[in-house]
Amino acid sequence: MKDCPEREKALALLRKYNGEPFHIQHGLTVEGVMRWYAGELGYGEDADFWATVGLLHDVDFEKWPEAHCKKAPELLREIGCSDDLVHAVCSHGYGICCDVEPVEEMEKVLFAADELTGLIGAAARMRPSKSCQDMELSSLKKKFKDKKFAAGCSRDIIRTGAERLGWELDELLNKTLEAMKACEDAVNAGMAEL
Ligand SMILES: [Fe+2]
């Protein structure tokens, strides 16, 4: 079982360096998505580790956007994060802002799902329900193809992420949508507690 800090400490670290609710919400979302993937892919024993990586993956982004994934190790050491955890966090910027390559399956999932949660979240906000619960894969695929929609979410990164996992794009979209449905209530509850 991989070592990781207590959730309370991890959340406190995220909040220490992130004032924007959007960034906290993104951290909580990727936390929930990574926890779901750990169970789905047979890594249930390390679900806390996967979730913590998700929660903290962007810890340095709000305050040090120019040093994203480079400042993170120093911040993560504050709460005693392991080398494995630091590597995983940094690897999600591979080829974008750092040269730490995703090696573990968990790291490849983080790279692929991180960008995609932004697209799914934007699509959910457009719906009358403001939720992804009633979103179907076909509707997400349309949003993916519409380059003008949520243009800041890089389709290339998402495609590259699927390729590195050896998955069809549809598989990545479908699984990540399911993951977001599964954790939506917990994310909303977490935001309400702030
Ligand atoms: Fe992110």
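Okay, so let's start with a term: a residue is buried when its relative accessible area is under 20%, exposed when that is over 50%, and partly exposed in between, using a 1.4 Å probe on protein chains only. Asparagine 18 is buried on that scale, with a relative accessible area of 5%.

Before I go on, the housekeeping. This is a predicted model, so local features need pLDDT of at least 70 and side-chain atom pairs count only at pLDDT 80 or more, while totals for chains, interfaces and linings use all residues. Residues are numbered from 1 along each chain as its sequence is written, and side-chain values use heavy atoms, with hydrogens and water left out.

Back to asparagine 18, then. You'll find asparagine 18 in the loop between α1 and α2; helices here are DSSP runs of H or I, at least four residues, and strands are runs of E, at least two, numbered from the N terminus. Leaving aside neighbours within four places in sequence, asparagine 18 is in contact with His23, Ile24, Asp58, Val59 and Glu62, where contact means heavy atoms within 4.5 Å.

Which residues are the protein donors of the iron ion? They are His26 and His57, each through NE2, plus Asp58 and Asp114 through OD, lying 2.1 to 2.2 Å from the iron ion. Donors are N, O and S atoms within 2.8 Å of the metal (3.2 Å for Na, K and Ca), and water is not among the atoms, so sites may look incomplete. What is the geometry of the site? Irregular, with angles of 81 to 174 degrees among the four donor atoms. For the cut-offs: four donors are tetrahedral if all angles lie between 85 and 135 degrees; four are square planar and six octahedral if opposite donors are over 155 degrees apart and all others between 65 and 115; anything else is irregular.

In sequence, the donor residues are spaced H-x30-H-D-x55-D. Histidine 26 sits in helix α2 (residues 21-40) and aspartate 58 in the loop between α3 (47-56) and α4 (72-77), so this pair ties together parts that are 32 residues apart in sequence. Histidine 26 is buried at 15% relative accessible area, and aspartate 58 is buried too, at 16%.

Now the helix packing. The axes of α2 and helix α6 (residues 105-125) come within 10 Å and cross at roughly 135 degrees, which makes α2 oblique to α6. Axes are lines fitted to C-alpha atoms, for helices over the stretch in contact, and angles run from 0 to 180 degrees between N-to-C directions. Under 35 degrees counts as roughly parallel, over 145 as roughly antiparallel, 65 to 115 as roughly perpendicular, and the rest as oblique. On the α2 side, the residues that meet α6 include His26 and Thr29; on the α6 side they include Asp114 and Thr117.

Most residues other than glycine have a negative phi. Cysteine 69, however, has a positive phi, near 75 degrees, and lysine 130 has one of about 55 degrees. Buried or exposed, those two? Cysteine 69 is buried at 4%, whereas lysine 130 is exposed at 59%.
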